[in-house]
Amino acid sequence: MTRFGRNLYQARVHNQDPTTLIGIGLVVLFCYLIAAPVVLLLMDAFLVQFADQVRAQQAMGEATLYYINRVFFSAISQDVFWRPLLHTALIALCAIVLALAVGLPLGWLISRTDLPGRKWFSTALIVPYMLPSWTFALAWMTLFKNRTTGGSASWMESLGFAPPDWLAYGFLPITLILALHYTPFVILLFGNALRQFDSSLEDAARSVGASGGTIAGKIILPLMLPSLVSAATLIFAKCLGDFGVTYILGVPVGFDVLATSLFRAISTNQTGMSALLALTIVVLGSFSILIDMYLLKEARRFVVIGSKGSMNRVTRLGGWRLPAFGFAGLVFVISAFIPLMALFLTTVMKVPGVFSPENFTLEFWVGTGLGTVALQQGILLTPEFWRATWNTLWIVGVASLGAGFLGLIVGYVVARTEVKAVALFLRQVTFLPYLVPGIAFAAAYLSMFAVQRGPVPALYGTPIILVLAIMADQMPFASRAGISSMMQLGRDPEEAARNVGAGFLKRLTAVVMPIQKGALVSGVLLPFISGIKGLSLVVVLAVPGTDVLTTYALRLVDYGMAQASNAVMLMICVIAFGGTMLVQRLTKSKLSDGLGGN
């Protein structure tokens, strides 16, 4: 066969199955959208920036250790890095301890006992995770803030009590809020592990005289330990990148964590320093997630998977049923009911915390002539609110559709390509954003798209950068959904379609996508919910003209419009909660069956 004939034959083969060519295209795409921003961020931390030429005494673009010295060893390093690092570590550690203390008994009660209302609690206790973490920071401010930050009075102030600063702001409220917000991690992971635990192992231990304490310490705990450590490392990684809670409850009193220190560096155009701070967060986040991956791998050595005869016996609580019900109910009331009710009531009060009939109003929803610079009328009558709502729906919607479709295509390529290097690279590069906290990933995108690079113009200030950033940030979940589903799909349906002359696109649209519609729905809706409630990513990249609901609510917080910002926050909660329930209905799954999405 001549060279021309071989080339023609190969072209026909690739036309029938262009999986590898598509994979190469995806490699190029994700190198640009995911790998390149992170690499540029790394470079910015070690190259002199335009504004720092005089202080660094070097020309722009030269390699430098100036930012390392400035962040870690200079006179401002305590304020910029070391104190925020200490605050971050202490908050994460205490949040982990509190989340474990609350989540362990709840996970056991829901998964292994006859707790009254167990089915209802299995969803109700996950509500805090369905909502943005800084929802509860706004609720805390509504209840406990004092005159330190001014603005409208809190409920406590209206009742004649002036909360001290340590209660209103800083370490204590931030830690409590993050612990309650991430307690569902423990409930889900620990509860799921307990449901897979074979009760016959406990029976065998009892038959040889082992006490309850011995069974718990020698049998149950060692098998559950990987899930607990996994929950702890995930909480640590989430606390690293959480921005909203500390921005609301810490920044007003000078209490910074790494995420808020990074945001301040970005806001003041300190590109090199912000790059190094972001890189530090990335390293710490990657380290924690890699530990989690290692522990999950090790856990396979210890997990006991029962056969059809295995038992998951329900423990009878007896006289402890009522106290257990009270404990679960109290956690729900504190972590979800009180914060949401406080936010709602504040939106219908002229003065927060005053319950006289004449104090109730709907003006922050549908009023006119409010007479403030930030808000002239109720949010439902405010064009900026509806513009932010439209921006949220279309920006996050387009990003989620893109992530879901690309995730399915990634799954197809990984499962079908003969070039293993392409499959391996796609697995790794689409997982990379999961290792990068949101605010650090936003900093990477700012570094990449703030200026024109080649034929691509500067995208900062446009909705396009938000679409690309959200889509790239959600690829870990979309790609995992696509890969896991495609690995379970054999080649027979496609081969049958090929035998009747169906081309690649026909097979993809008429065979693969209908079969994998569940994975496609998950790959779209899970990123949509996460994008709706996310703040750390968009707060860096959004400008007033591209405000989404989260950044619009944050701007109202900055203006001191507590009632209006709470109203916007409630609308976000309705969308996020409704979307979560929709995902569960469409995918016929429950969050209480496992950790699921972000």
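Is F449 buried or exposed in this structure? F449 is buried, its relative accessible area being 2%, and the points below, which concern a predicted model, begin with the surroundings of this residue.

1. The aromatic partner of F449 discussed here is Y445, and the two rings form a tilted pair, with 5.1 Å from centre to centre and 45° between the planes. Y445 and F449 both belong to helix α21, which covers residues 438–449, and they are four residues apart, about one turn of the helix. Y445 is buried as well, because its relative accessible area of 0% falls under the 20% limit for that class.

2. In the model as a whole, the count of aromatic pairs comes to 19.

3. A further aromatic pair is made by Y247 and F263, whose ring centres are 5.9 Å apart and whose planes stand at 85°, so that the pair is edge-to-face. This pair links distant parts of the chain, with Y247 in helix α14 (residues 244–249) and F263 in helix α15 (residues 258–267), 16 residues apart. Both Y247 and F263 are buried.

4. An aromatic ring also takes part in a contact with a charged side chain: the charged end of K533 sits over the ring of Y129, at 4.7 Å from the centre of that ring.

5. Turning to charged pairs, side chains of opposite charge can pair when their charged atoms come close. The count of salt bridges in this model comes to seven, and one of them joins R316 to D114, with the closest N and O atoms 3.9 Å apart.

6. R321 counts as partly exposed, at 34% relative accessibility. A reader inspecting this region may wish to view the three residues together, for D114, R316 and R321 are linked in a network of salt bridges.

7. Another salt bridge is found between the side chains of R264 and D256, at 2.6 Å from N to O. The two residues fall into separate accessibility classes, R264 being partly exposed with a relative accessible area of 38% and D256 being buried with a relative accessible area of 9%.

8. The last point concerns helix packing. Helix α20 (residues 420–435) packs with helix α23 (residues 475–487) at an angle of about 140°, and their axes are 7 Å apart. How are α20 and α23 oriented to each other? They are oblique, because an angle counts as roughly antiparallel only over 145 degrees and the angle here is about 140°. The crossing in which α20 passes α23 is left-handed.

Key. Residues numbered from 1 in each chain as written. Predicted model: local features only at pLDDT ≥ 70, side-chain atom pairs only at ≥ 80, totals over all residues. Heavy atoms only, no water. Phe/Tyr/Trp six-rings, centres within 6.5 Å; stacked < 30°, edge-to-face > 60°. Helix = DSSP H or I, 4+ residues; strand = E, 2+ residues; numbered from the N terminus. Buried < 20%, exposed > 50% of the residue type's maximum accessible area, 1.4 Å probe, protein only. Lys NZ or Arg CZ within 6 Å of the ring centre and 35° of its normal. Salt bridge = Lys/Arg side-chain N within 4 Å of Asp/Glu carboxyl O. Axes fitted to C-alpha atoms, helices over the stretch in contact; angles between N-to-C directions. Parallel < 35°, antiparallel > 145°, perpendicular 65-115°, else oblique. Left-handed = near helix turned anticlockwise from the far one by under 90°.
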